[in-house]
Amino acid sequence: MAASEDNSLDTLTFEILVDISKKYTNISNHKRVLAPVVTSTISLYVNGLRLNEDEDEVFVVTEFFESLTHQGRIPMYTCSCGIFGCGGFYIDVLYKKETVIWGTEQATFTKYIFSRGNIVRVAEGLINKLVELHQLLQEHGLQTFHDNEATKKRQPRTPCPGLPLFLFTRI
C-alpha cells in the first residue's frame with residue numbers, strides 16, 4: 001500500500017541479477033571464439049512490488065544517482081531499445097525535511113514517500129553492487145560501464161540536504 005493511503009512510509013529496495021555465460025563471437029569472417037558474456041539487470045521495488053510494470057523498461061542507475069543531487073523530473077526508466085521516448089518514464093522527486101517523495105504516472109500507486117535513510121541505504125547498496133559488477137567485468141576482460149576513477153575525481157554537486165557526500169564520490 002502506498003504511503004499516501006495509510007500515512008506510513010514506503011520502503012524502496014533493489015535487486016541486481018547477474019548472469020555469466022559464454023557465447024561464440026565472430027572475430028573474422030572465418031573464425032569464431034568462445035567469449036565471456038556478463039549481463040545484469042537492476043530492478044527497484046516499492047513495498048515488495050516491482051516499480052516498473054513493463055519488463056522492457058530499464059532502470060537507469062545514473063539517473064537515480066542524479067536524483068540524489070537535485071529535485072525534479074528524472075527520466076529514471078528508459079525503453080530496452082535505449083530510446084527514452086519509446087517506453088521510458090519519469091519519476092518526480094521532491095525532498096522534504098525527513099522524507100523523499102517519488103511521484104509517477106507509470107505504477108499502480110502514483111505517490112511514494114520514503115525516509116531519507118531508506119534512500120541512502122539503497123544508494124549505498126547500489127554503489128557496493130556496482131563496484132562488484134565492475135570488478136566482475138574486469139575479471140572477465142570485458143568493457144566496464146563506468147569509469148570509477150574519473151567519477152571519484154569529479155567534484156560533486158551540492159546534494160539535497162541530509163544525504164552524505166561520500167555517496168557522490170565512491171563509484
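Where does T104 lie? Let's find out in these close-up views.

**View 1. T104 sits in the loop between β7 and β8.** This is a predicted model, in which local features need pLDDT of at least 70, side-chain atom pairs count only at pLDDT 80 or more, and totals for chains, interfaces and linings use all residues. Residues are numbered from 1 along each chain as its sequence is written, and side-chain values use heavy atoms, with hydrogens and water left out. T104 counts as buried because its relative accessibility is 6% (buried means under 20% relative accessible area, with a 1.4 Å probe and protein chains only). The T104 side chain reaches the backbone oxygen of Y90 at 3.4 Å.

**View 2. Five strands make an open antiparallel sheet, ordered β4-β5-β6-β7-β8.** Strands are DSSP runs of E, at least two residues long, and helices are runs of H or I of at least four, both numbered from the N terminus; two strands pair if DSSP finds at least two bridges between them. At the edges are β4 (57–59) and β8 (111–115), each pairing on one side only. Three bridges link β4 with the antiparallel β5 (residues 72–79), and here E57 stands opposite C79.

**View 3. A three-strand open sheet runs in the order β1-β2-β3, again with antiparallel pairing.** Its edge strands are β1 (12–26) and β3 (49–50). Two bridges join β2 (residues 32–46) to β3, where Y45 faces R50.

**View 4. Helix α4 (residues 116–139) lies across β4, β6, β7 and β8.** The helix runs at about 80 degrees to β8. Helix α4 also lies across β1 and β2, at about 15 degrees to β1. Axes are lines fitted to C-alpha atoms, for helices over the stretch in contact (heavy atoms within 4.5 Å), and angles run from 0 to 180 degrees between N-to-C directions.

How values were computed:
Buried < 20%, exposed > 50% of the residue type's maximum accessible area, 1.4 Å probe, protein only. Polar contact = N/O pair within 3.5 Å; in protein donor to acceptor, adjacent residues only side chain to side chain.
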